[in-house]
Amino acid sequence: MFYREAGQFKASYQEDQQIFPIRQDRIGFWVAMAFLFLAVPMIANQYWLQAILTPVLIFSLAALGLNILTGYAGQLSLGSAAFMAVGAFGTYNFMLRIDGMPFLVALVLGGLCAAAVGILFGLPSLRIKGFYLAVATLAAQFFIVWVLVKFGWFSNYSTSGVITAQQVEIFGFAFDTPLLKYLLTLVIVCVFALFAKNMVRSATGRKWMAVRDMDVAAEVIGIRLMGTKLQAFAISSFYCGVAGALYAYMYLGTVEPEGFNLDLSFRILFMIIIGGVGSILGSFIGAAFIVLLPVFLNVVMHTSIGAFVPPNIAANLELIIFGGLIVFFLIVEPHGLARLWQLAKEKLRIWPFPH
Amino acid sequence: MTFFFEVLIGGLLSGVLYALVALGFVLIFKASGVFNFAQGAMVFFAALTFVGFTEVLPGWTGLAEGGRAVFWLAFLLALGSMIVLGIATEKVVLRPLVNQPAITLFMATIGLTFLVEGIAQGIWGTSVRGLDLGIQDEPIMWVLDRADMIVSKFDVFAAAVALVLFIVLALLFQYTRVGRALRAVADDHQAALSVGIPLKHIWAIVWGVAGFVALVAGLIWGARNGVQFALTFTALKALPVLILGGFTSVPGAILGGLIIGASEKLAEVYVGPFVGGGIESWFPYILALLFLLVRPEGLFGEKHIDRV
């Protein structure tokens, strides 16, 4: 009754091509934006901003990057954490070695480093695909972390490669409180999400999807496989790299190469599986889900229900629940939580008269 | 030169262990087209279950601790658990995912990895256990005297076990009714179905066999490095082996394992010092990656032809 596009006519090309063609969606979007930009800063406390909201946004960006590569271009990657590491260490070095380097420029340059490394490790995708490629990206995962640990130059010769993020200033304005960091992250993530959304609904994204669905057929209709795949690798790694830099500068402050391990790569993969493979919204939902689940479990474990769970099970419950959820989602809803949201909208359109 | 051979033999013998894990992958991939990332978790589960049973059995049955009876009983129970795990996996996880893209199945097995690891540690606890197979990790005196080389007794024993396992599996595949059916299914699911081979039974058998292989691999790895969470990483080492050997070839898994084992040890010893060491962690992957650029289907893999 309330969610219906009847009566909304598109009178110009511009209206036809907008991201949210239905008015209710637009209203919903602006309400969500207003909530994130205005309401959250007013109601959230330090803990929420620092430990939950900022990481959710950062992981959303990383998941977005992986989703571009895996969800849209169909190239499975198990090395997203390594590309995050490249972004983080790249940004760190640009900030460190060039005097008066603006943070945002360093961020983009760090992302570009990640993109270059991504192209390098994406090269095998021209010859191999599927599982073979997954293993090839594992090579990136182990190799990059090893390089960052072994060669002290990258971490300015600190012990075991730990880097400490410099103070972030933009036009002389220091971003040093959790709230400011949250807002900066939010702005960056919004911009990147907008870019991603526009990429996947334009010719670029259509090429990716054609390659994903069947690369030989895509080649036959005139899509250059090499360019398209490498482009997906580059953009995906760029996103991951920026996410990695934000992870270091906005969230943790101090990171070591070992922090960007295979486990983190898997977590990002889980985010897109649970959120929705091939969905921009899904990246956000998935990231929120994966970040919030351990927090939620922790809370449950420390209440009355937790008393009934034996401690040796409780410690591993997170693993079991993660694994179980992945399997469950793949079986029941392979398109993830984003698809559930879409189905709910379909239902809403005809509610309350389904026939 | 002696040192070179020592490293080479050490590498080859550890390669046998990689091959053992890779074999589990190949069996399942051949028969059901599933790339079972959870094989490493299964190895961990198997070893942990075995050790767990050897610990609790004396208390339950009154058998002598560390005795032969306990060993075999624990082995049988662990084998039973592995077969149950394998069949349950097939039924609960993979059956509902039939006809999904291979990548979906792969991701499901990643989920399964976490599930199995969680369950194993939930039941048996997270502490590191020792596992004693009664063979010491000490140099063989005979070789040390004659050739002045250190060759571990345990490594040779492990290689012998692996060899026996390979031969048994080869015979099983080649000469038995079940083996023929397995090969038929591996060749072409539909054709196998149409000549009346019960696909579901075959898959259950394959998962059972893969569980058995995981148990053997788990016992040997566990005895060598202790039964701990790190066992699951053996699966990651088995991946370049598979790439090198091809996903569908048993001889490929063996040869790939040997090549990876030998080359990573040699690289660590001869190249490692120049770049700061620790290259073992990524060398196999880079080697496999370079190899893929030349021969994308692996040493013995089937050549894949794409059709629109």
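Helices, taken as H or I runs of at least four residues, and strands, taken as E runs of at least two, are DSSP runs numbered from the N terminus. On that basis, chain A of this predicted model holds 14 helices and four strands. The radius of gyration of chain A is 21 Å, close to the 20 Å that the globule rule gives for 355 residues, so chain A is as compact as a globular protein of that length. Of the 355 residues in chain A, 45% are buried. Among contacts in chain A between residues at least 6 apart in sequence, 75% link residues at least 24 apart.

The C-alpha atoms of chain B fill a box of roughly 60 × 60 × 35 Å along the principal axes. Buried residues account for 46% of the 308 residues of chain B. For contacts in chain B between residues at least 6 apart in sequence, 73% join residues at least 24 apart.

Within chain B, one helix pair can be looked at residue by residue. Helix α6 (residues 153-175) of chain B packs against helix α7 (residues 177-187) of chain B at an angle of about 80 degrees, and their axes are 5 Å apart. Because angles of 65 to 115 degrees count as roughly perpendicular, α6(B) and α7(B) are roughly perpendicular to each other. On the α6(B) side, the contact is made by L172(B), F173(B), Q174(B) and Y175(B); these meet G179(B), L182(B) and R183(B) in α7(B). By class, the residues of this contact between α6(B) and α7(B) are four nonpolar, two polar and one charged.

The two chains also touch each other. In total, 42 residues of chain B are in contact with 35 residues of chain A. On the side of chain B that touches chain A, at least two residues each come from α4 (102-124), α10 (234-245) and α13 (283-294) of chain B. Of these residues, α4(B) gives the largest share, with 17 residues. Sorted by class, the side of chain B that touches chain A has 28 nonpolar, twelve polar and two charged residues.

Key:
Residues numbered from 1 in each chain as written. Chains lettered and ligands numbered in written order. Predicted model: local features only at pLDDT ≥ 70, side-chain atom pairs only at ≥ 80, totals over all residues. Contact = placed C-beta atoms within 7 Å. Nonpolar A, V, L, I, M, F, W, Y, C, P; charged D, E, K, R; others polar. Buried ≥ 20, exposed ≤ 12 C-beta atoms within 10 Å, placed from the backbone. Rg over C-alpha atoms; globule rule 2.2 N^0.38 Å. Axes fitted to C-alpha atoms, helices over the stretch in contact; angles between N-to-C directions. Parallel < 35°, antiparallel > 145°, perpendicular 65-115°, else oblique.
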